[in-house]
Structure formats: structure tokens, C-alpha cells
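Please open the structure in your viewer and keep the selection tool at hand.

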Amino acid sequence: MPIKKTLPIGSNNCDDPKINYKDLEYLGKFLTPQGQIVSRRRSNFCTQCQKELKQAIKRARHLALLPFVA
Amino acid sequence: MGQIYEGMILLDNNVVRADWRKAKAIVTDTLTKYEATIHTARRWDERALAYPIKGNQRATYFLSYFELPNGHSDELRRALDLNASVLRYLFLAVDEVPEEESDLASAEDDSAHTVDAPPADGPRPTAFDEIDEARESERQRVRDEEDAAKAAAAERDAESAEKSDSDSEAKPDSEADSAPESEPKPEEAAATTTATSDGDSPQES
């Protein structure tokens, strides 16, 4: 069975402005339709940026800016 | 010497709707009570929540930058926990206050600036309505496809049934036509029987 390959979201994302929990439009790009955080392979982030992304999404979820499950 | 914090506080819309200044004072008074120095304080947004909090579908987000002396953080958190007007809060330690924040906050502090009253709570947030609509349209599409497939299968069955009926009706006629051809004529049959019974073939004789 052929493996379905997904394309990364953007390229060189680490050059983007600093990740912030208030920037919902930006964070929303890194969520699946079900509200899950996409993997590093998909987000194209380095380890540190992926951790920052995870933290920002979790902060936004805590403040009900983003859903836990969509 | 204290630490600068960024505080995002969710306020109950019922309090905000009554009076924004009072709602703002609830937070700022609590901060000053615990010896915080407020740098900026403004309404960040009023929006539908991604999920209901304490029965509220909408809330007002209050953003503030303040400096808090060391050791007062826990007391402030406890005070906000006990405040019914505060639905939720998030404090983050930051290095400095952003430059644009002071402009935005000063614009709101202007007496001419008015904050619109938030709308009443709807049955559910719009985000959930959109998701529900998408799911329902997907279900409807699947249902339509299934119905179309069923209708096609029923048509095929009906056509095959019609074909079989027409074949069964056509068969007796063909059999009737073909039967006399297959059967030998009575005169020929008699000739063959006599030839075989005598045991003499025409060539032999």
C-alpha cells in the first residue's frame, strides 16, 4: 500500500516572527481539523520552535481561544 | 525589585455589559491591592469562547502588563480564583512591556473612547456552529451518495428483472418454432424405422 506523504506547512518557519498565544490565525495553521497539534515533520519547525508552538497552543487552549477538540 | 508580568484575564460579560469601567476596576483594584504597578491595562477582545466556561459562551479578554513584587504572585492568584467575575486568567513573566501596548492602552484611557457592550450569549459559539454545519453537510453528502447508489442498484435490478421476464416470454415461442424442425417428419421417421428393422441398407441391396 502506498504511503500518503503530507507536505510541510510553509518552509523555514523558524524565520517567522516570534510565536505568540494571541496570534490565533498563525497558530491555527498548525492544527489539524480535529484540533491536534501537527508533528514537527509537518510544521517544519526546529525542536525549540516546535516546543514554543506547543506551549503557545496550550496557553491559547487554556484561555478558550482555541478548542481542545474541534 | 519585582518581575514584569503579562496578564490575560477573562471577564464575565454580564459584568462588562453593566459597566466597563467597573469591570476594569475589579481587576486593577485587585492588582493594586497586592502592590502591583500597572503599566498598561486594556480590553484585548470580546469573543466567543472555544468551549463554555462556567456556563458562559462569550467573554471579554482583559490584557494588562504589570510589575509585581516577589512573593505576591500566589496571593494574587488566590484572589482572582475567588473572584466570580474572573472566569480564567493567565500570567506570563516577560522581559519588557511591548511598545505598541502603551499606545493602545492610552487610546482606551481617553475619555472619548467608548467600549461597546458585548452581545448577549448565544446558544453556542459560532465556531461550533461552523463545525456542526460542516459535519452535517458531510453526513448529507454521504447520505446522498448512498441513496444514489441504492437507486442505481434498484434500477439495475428492475432492468435485469424486465430482461428475465422478456426472455421467459420469448422462450416458449422459440421452442414452438424450433420443435417441429428438430422433430423428424412422420414419413421420414417411418422410412428410417423400416430400414433399421429390416437390417438392410440401401447400399447393401
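The stops below pass from the sheet to the core, the chain contact and a loop.

This is a predicted model, in which local features need pLDDT of at least 70 and side-chain atom pairs count only at pLDDT 80 or more, while totals for chains, interfaces and linings use all residues. Residues are numbered from 1 along each chain as its sequence is written, and chains are lettered from A and ligands numbered from 1 in the order in which they are written.

**The sheet of chain B**

Select the four strands of chain B that form an open sheet in the order β2-β3-β1-β4, with antiparallel pairing. Helices (H or I, at least four residues) and strands (E, at least two) are DSSP runs, numbered from the N terminus; two strands pair if DSSP finds at least two bridges between them. At the edges are β2 and β4 (86–93) of chain B, each of which pairs on one side only. From one strand to the next, the twist averages 20°.

Next, select residues 2–12 (β1) and 56–69 (β3) of chain B, which are joined in the antiparallel sense by eleven bridges. Within β3(B), B:Ala59 is the residue opposite B:Asp12.

**The nonpolar core**

Which residues have the most contacts inside the largest nonpolar core? Select A:Ala56, A:Ala60, B:Ile9, B:Leu10, B:Leu11 and B:Val86; the core has 37 residues. A nonpolar core is a set of buried Ala, Val, Leu, Ile, Met, Phe, Trp, Tyr and Cys residues joined through C-beta atoms within 7 Å. β3(B) gives the most to this core, with six residues.

Centre on B:Leu11: leaving aside neighbours within four places in sequence, its contacts (C-beta atoms, placed from the backbone, within 7 Å) include B:Val16, B:Ala23, B:Phe62 and B:Val86.

**Between the chains**

Show both chains: nine residues of chain A are in contact with ten residues of chain B. On the chain A side, seven are nonpolar, one is polar and one is charged.

**The loop at B:Glu35**

Finally, select B:Glu35, in the loop between α2 (20–33) and β2 (37–53) of chain B. Not counting residues up to four places away in sequence, B:Glu35 touches B:Pro69 and B:His72. B:Glu35 and B:Glu67 are 32 residues apart in sequence and 8.7 Å apart in space, C-alpha to C-alpha.

Conventions. Contact = placed C-beta atoms within 7 Å. Nonpolar A, V, L, I, M, F, W, Y, C, P; charged D, E, K, R; others polar. Axes fitted to C-alpha atoms, helices over the stretch in contact; angles between N-to-C directions. Buried ≥ 20, exposed ≤ 12 C-beta atoms within 10 Å, placed from the backbone.
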